[in-house]
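Here is a short briefing on aromatic rings and their neighbours. Look at the structure first, then read the points below.

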Amino acid sequence: MKKVQLLLFIIAFCSQASFAQKETTVLTIKNAADAPTINKNIYGHFAEHLGRCIYGGFFVGDTSKIPNTAGVRNDIIKALKELKIPNLRWPGGCFADTYHWKDGIGPKEQRPTIVNQWWGGVTEDNSFGTHDFLNMCELLGAEPYLSGNVGSGTVQELADWVQYTNFGGKSPMSDLRKKNGRTEPWKVKFWGIGNEAWGCGGNMTADYYVGEYRKYATFMSDWQNTGGLTRIASGSNSADYNWTETLMKDIPLNMLGGVGVHHYAVIDWNKKGDGTDFSEDGYFNTMKSALKMEELVTKHSAIMDKYDPEKKVAMIVDEWGAWYEVEKGTNPGFLYQQNTMRDAVLAGATLNIFNNHAERVRMANLAQCVNVLQAVILTDKAKMITTPTYSVMKMYSVHQDAKLLPVSFQTPLYTFNGETLPAISASASKDKSGAVHISMVNVDAKKTNKIEIDVKDLGVKNFTGTILTSPKLQDYNSFENPNKIIPTVFKGFENKKGKLEITIPPFSVVVLEGI
Ligand code: AHR
């Protein structure tokens with residue numbers, strides 16, 4: 001390169017670099033009186049009979065040396081209570097459409113076995129059943145969300161399950177419940193009518209499923225004691241908008257409490273990549289798939305708006321999260337993966353999307369709670385650790401049942417290999433005490449970003465902050481080093497007379513609190 005050219009290049013490069021450093025995103029937060037409340041159920045979880053989620057995860061049995069309450073690990077109960085877990089979906093997933101609930105009640109030694117045909121072909125002894133799950137939900141203070149078996153069950157079987165769990169008077173099923181040791185009904189509100197009916201739930205067409213749904217929903221009485229069952233239709237596979245359209249068009253709205261949507265962040269279903277051993281390419285492509293959630297929620301909402309402009313029917317994203325290859329040396333059918341800063345960024349950005357769509361998205365369930373996919377808790381025999389995703393869910397729990405404060409901003413771009421993604425993700429809310437919370441994620445793997453927020457009209461003055469970050473994207477909590485990534489005090493902001501100036505490091509999640 002000639003000398004002059006080289007000089008011009010250096011000048012251009014330097015001015016670009018200094019411009020980039022000065023670049024600030026101005027984020028506006030509106031104190032809108034008509035904004036919706038962020039339903040706490042957006043922060044829900046999912047526990048399937050899959051790998052070591054239930055057996056060897058939640059449930060160790062009451063003869064275990066691991067401290068437990070009726071067979072459920074005390075350390076898990078404590079961790080999930082601290083997370084303010086609002087609801088838990090069970091028993092599947094694909095497993096739900098093979099599960100016959102009557103096999104999981106009564107004396108444990110008399111229960112038949114079941115072969116888990118979807119997940120590893122293992123034989124289960126049904127020792128964790130309806131009572132175990134619903135009593136555990138009571139301990140957790142979480143609403144149960146039961147997935148009914150439509151694929152291989154019967155209408156009578158599901159109607160009986162509702163009667164067994166919810167009927168307070170005298171009936172065949174409530175008598176059976178009492179015989180099994182439980183007098184008062186649990187009053188389960190949330191009921192899924194099948195799971196992934198387009199796939200493992202029966203490979204149905206949308207039209208066929210609508211017929212099944214209407215039949216099952218008809219016979220599920222709420223026994224006048226739950227304030228109305230929320231009956232949830234098995235939703236679309238990611239961007240299958242025709243599925244949502246058919247459901248909304250052909251199911252009477254008074255039979256439909258919620259419509260599901262499932263979307264996993266996956267690089268490529270044939271080459272999912274490793275959970276911890278990945279490059280920036282793996283990170284970018286996982287985030288690209290995860291951030292598609294914004295488009296999915298927007299487009300499914302638009303279809304729902306057409307048939308339900310009053311937004312009576314909830315969108316329920318009852319399976320979401322990252323899906324990688326299983327950890328080396330583990331059973332391929334058990335879907336065990338580690339959880340890094342990549343997963344924390346993914347969780348923070350996804351939860352911001354749900355918060356910002358709180359008008360329609362009223363429940364979501366991260367897949368899955370313990371030892372499976374993007375778990376918040378991992379166990380190894382007596383040891384238990386929480387993951388970076390757990391920390392994000394905990395930091396964001398301040399948004400539960402708080403009023404949304406709509407945000408607007410023009411995001412800078414995160415560029416990799418000629419492609420771009422939004423670099424900043426954010427949402428905000430005001431809770432019942434008047435405290436304001438602003439959650440922000442810097443998705444960019446390399447670049448620090450600056451954000452400016454005028455908070456003068458929000459009715460709060462003093463701000464504190466928490467950050468989740470780590471030197472490397474690939475960092476994770478291990479059983480040897482369980483606290484490698486934990487939330488710490490965030491000092492990267494200044495409050496200049498009601499204007500917050502925030503500097504947010506690459507791949508980090510920040511929550512500010514204003515009181
Ligand atoms: O979460 C794992 C599986 O993913 C669920 O069983 C199924 O519903 C989905 O395909």
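One aromatic cluster is formed by Tyr55, Phe59, Trp90, Phe95, Tyr99, Trp101, Phe128, Phe133, Trp161, Tyr164 and Trp191. The model is predicted. It holds 20 aromatic pairs.

**Trp90 and Phe128**

- The ring centres of Trp90 and Phe128 are 5.9 Å apart, and their planes stand at 80 degrees.
- Planes over 60 degrees apart count as edge-to-face, so this pair is edge-to-face.
- Trp90 belongs to strand β5 (residues 87–90). Phe128 sits in the loop between β7 (123–124) and α3 (130–140).
- Trp90 has 0% relative accessibility, so it counts as buried.
- Phe128 is also buried, because its relative accessible area is 0%.

**Trp320 and Phe354**

- Trp320 and Phe354 form an edge-to-face pair. Their centres lie 5.6 Å apart, with 85 degrees between the planes.
- Trp320 is in strand β12 (residues 314–322), while Phe354 is in helix α9 (residues 341–356).
- The pair therefore ties together parts that are 34 residues apart in sequence.
- Both Trp320 and Phe354 are buried.

**Charges over rings**

- Arg89 places its charged end over the ring of Phe46, 4.7 Å from the ring's centre.
- Arg342 lies over the face of Phe278. The distance to that ring centre is 3.7 Å.

Key: Residues are numbered from 1 along each chain as its sequence is written. This is a predicted model: local features need pLDDT of at least 70, side-chain atom pairs count only at pLDDT 80 or more; totals for chains, interfaces and linings use all residues. Side-chain values use heavy atoms; hydrogens and water are left out. Rings of Phe, Tyr and Trp (its six-membered ring) pair if their centres lie within 6.5 Å; planes under 30 degrees apart count as stacked, over 60 as edge-to-face and the rest as tilted. Helices (H or I, at least four residues) and strands (E, at least two) are DSSP runs, numbered from the N terminus. Buried means under 20% relative accessible area, exposed over 50%, partly exposed in between (1.4 Å probe, protein chains only). A charge sits over a ring if NZ of Lys or CZ of Arg is within 6 Å of the ring centre and within 35 degrees of the ring normal.
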